[in-house]
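The sequence and structure are shown below.

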Amino acid sequence: MASRGGDVVKNKQVKLKGYVKGSPKESDLYVTSESTIELRVPDGSPEGAILVKNLYLSCDSSMRIRTGESQRAEFPTFPLDAPISGFGVAKVLDSKNPEFKVGDLIWGFRIQWEEYSLITKPEGFFKIQHTDVPLSYYARILGMPGVTGHFGFNEICSPKEGEYVFISAASGAVGHIVGQFAKLKGCYVVGSAGSKEKVELLKTKFGFDEAFNYKEEHDLVAALKRFFPKGIDIYFENVGGKMLDEVLLNMRSRGRIAVCGMISQHNLDHPEPVYNLRSVISNRVRIEGFVCFDYFSRYSEFLDAVLPYIKEKKINSLEDVAEGLDSGPAALVGLFSGRNIGKQVVAVAHE
């Protein structure tokens, strides 16, 4: 089945230099071209192995957890001096797997940050059936961010027309998608972001009713009351810490909070305390955390729901593309200073 079997090429990789404490730096990662790879599945590889050319790599805040020393089952630590990994889009060059043929395009989790990868157990990978949209969509709205936003908002939050929705980190990979889902449901939507440019994008490109720069607000409780004088029905949580604490004081009775991420806490040795949990009792607020993997078994259902919105241009998806693996460390680290607008993607190669 090999299409280019026997060719041996250099394989540029992005590796972790040392475990990260505090805010990550570009110097915590390094790019190397020392490795080589044969462009075929080696003899003796497990049945089901595939050899792929990586096209797009996804920069995700959860990757910060994997650069630290503490082990967490859902986000295992990256080995030192080995390629980091995450979500990505790739093309199959050789295959011992009947589900993935040479030439197939796939997306999935734990694609290593390198030009070519041997995937011995391609579990959690999906064959891309719809190629009439840009391939990079499968690293954003048709990949993890879209699955997260669709099920997190539409199922966990159970939105109703006319409800009041607040989204933190609203210009990020998931937040700007959730805001558009909320508008499609007929909700009133407000987002927070970290710059004037991002605030304007939320209102002009993504249809948010209002947005504000949280860095300019000295009193978040007052800011939320200004935008939500009647309170918040749904909070889509991407930030954590102080933001979560002060949103709790503004939740309406029977409000719902979907906890998607807590990017403000990733670089802290000790997470910030949340003091206002008592209001969860008095306002009967439901809080539920989740991860996108919970819904991967329903991916075809997700496509049926979201693809029509994309093709009818009812949803916009913004990406921030860094070209080449050499730009990978800066792109990933930039997530934690808010450098990106929309989904941060590294384009390793173009189909």
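## Basis and terms

A residue is called buried under 20% relative accessible area, exposed over 50%, and partly exposed in between, with a 1.4 Å probe and protein chains only. Helices (H or I, at least four residues) and strands (E, at least two) are DSSP runs numbered from the N terminus.

The model is predicted: local features need pLDDT of at least 70 and side-chain atom pairs count only at pLDDT 80 or more, while totals for chains, interfaces and linings use all residues. Residues are numbered from 1 along each chain as its sequence is written, and side-chain values use heavy atoms, with hydrogens and water left out.

## Helix α4

Helix α4 spans residues 196-204, and K198, V199 and L202 are buried in it. These residues lie on the same side of α4 because they cover an arc of only 100° around the axis, the arc being that of the directions from the helix axis to the C-beta atoms. An α-helix has 3.6 residues a turn, so residues three or four places apart point the same way.

On the other side of α4, K196, E197 and T204 are exposed. The buried residues of α4 pack against β11 (188-193) and β12 (210-213).

## Helix α2

Helix α2 (residues 144-156) is largely enclosed by the rest of the structure, because 11 of its 13 residues are buried. Among them are M144, H150, F151, F153 and I156. Just after α2, S158 takes a positive phi of about 45°.

## Strand β6 and its partners

In β6 (85-95), 10 of the 11 residues are buried, so this strand too is largely enclosed by the rest of the structure. Strands are taken to pair if DSSP finds at least two bridges between them. Strand β5 (residues 50-58) runs antiparallel to β6 and is joined to it by 7 bridges; K53 has K91 of β6 as its bridge partner.

β6 is also joined to strand β7 (residues 105-112), by 6 bridges, and these two run antiparallel. The bridge partner of G86 in β7 is I111.

## Cavities

Grid points are joined across faces, edges and corners, and a volume is the space filled by probe spheres set on the points. The search of the whole structure finds 2 cavities of 30 Å³ or more. The largest holds about 70 Å³, and α1 (63-66) and α9 (328-334) are the elements that give two or more residues to its lining. That lining includes L16, D28, M63, R64, L332 and F336.

For lining composition, Ala, Val, Leu, Ile, Met, Phe, Trp, Tyr, Cys and Pro count as nonpolar, Asp, Glu, Lys and Arg as charged, and the others, Gly among them, as polar. The lining of the largest cavity divides into 8 nonpolar, 1 polar and 2 charged residues. The second largest cavity has a volume of about 50 Å³ and is lined by D60, S62, M63, R66, F75, G86, F87 and F109. Its lining divides into 4 nonpolar, 2 polar and 2 charged residues.

## Second largest pocket

The second largest pocket contains about 340 Å³ of space. Of its 16 lining residues, F109, R110, K121, E123 and F125 lie nearest its centre. β7 and β8 (116-119) are the elements that give two or more residues to this lining, and β7 supplies the largest share, 4 residues. The lining divides into 7 nonpolar, 5 polar and 4 charged residues.

## Two loop residues

G48 lies in the loop between β4 (36-38) and β5, and is buried, with a relative accessible area of 10%. Apart from neighbours within four places in sequence, G48 is in contact (heavy atoms within 4.5 Å) with K96, N97, I119, T120 and P122.

D81 lies in the loop between α1 and β6 and counts as partly exposed, at 44% relative accessibility. Not counting residues up to four places away in sequence, D81 touches K15, L16, K17 and Y30. The C-alpha atoms of D81 and K53 are separated by 21 Å, with the two residues 28 apart along the chain.

Methods:
On a 1 Å grid over the protein atoms alone, a cavity is a set of points where a 1.4 Å probe fits but cannot get out, and a pocket is an open set with protein on both sides within 12 Å along at least five of seven lines; lining residues have an atom within 4 Å of a point.
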